[in-house]
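Opening the notebook on a new model today.

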Amino acid sequence: MSERLDQIEVHYRFVKSLSEGARQLLSSAAQAVTLSPKTSFLIEGSAVDSLLLLERGELRVFKTSASGREITLYRVRPGECCVLGMSGLLANAPYSAHVEATAETTALAIEAGAFRRLFDTDEST
């Protein structure tokens, strides 16, 4: 997984500045994921159990109106983080929208508890 962290540094500069211990924590808590187009990653009300660091592809964050119309809030691309996901992850709160891949997407999924520990202990995050 260390090689994947090296690749993700291109898009997420904070990874490069992590201490060796923090990199080991991140590496041990990371899982490579691939999402096909239209694959849901999070649904409204679900627990945020991981944070995605995108290598390639795109995620669409959206809400569904009472009439069933989907309203896109924003898109997440490599180098960006999902603001609602980060907020839910750090606050241990349910997710407040839906997330789906709009294209073939590869990412590292960082387990929520490990990311919270990293955020609380490493000065570079």
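Predicted model: local features only at pLDDT ≥ 70, side-chain atom pairs only at ≥ 80, totals over all residues.

**Charges, fold, one arginine**

I counted 13 positive and 16 negative side chains in the protein chain, with the centres of the two sets 7 Å apart. Lys and Arg go in as positive, Asp and Glu as negative, while His and the chain ends stay out. I placed each charge at NZ of Lys, CZ of Arg, CG of Asp or CD of Glu.

Numbering runs from 1 along each chain as its sequence is written, and side-chain values use heavy atoms, without hydrogens and water.

Next I looked up the secondary structure: four helices and seven strands, in the order α-α-β-β-β-β-β-α-β-β-α. These are DSSP runs numbered from the N terminus (helices: H or I, at least four residues; strands: E, at least two).

Then I went to Arg 60, which is in strand E4 (residues 59–64). Is Arg 60 buried or exposed? Arg 60 counts as buried, because its relative accessibility is 9% (buried is under 20%, exposed over 50%, partly exposed in between; 1.4 Å probe, protein chains only).

I found its side chain joined to that of Thr 72 by a polar contact of 3.0 Å (a pair of N or O atoms within 3.5 Å; within protein, one able to donate a hydrogen and the other to accept it, and residues adjacent in sequence counting only if both atoms are side-chain atoms). Beyond four places in sequence, Arg 60 has contacts (heavy atoms within 4.5 Å) that include Glu 70, Tyr 74, His 98 and Glu 100.
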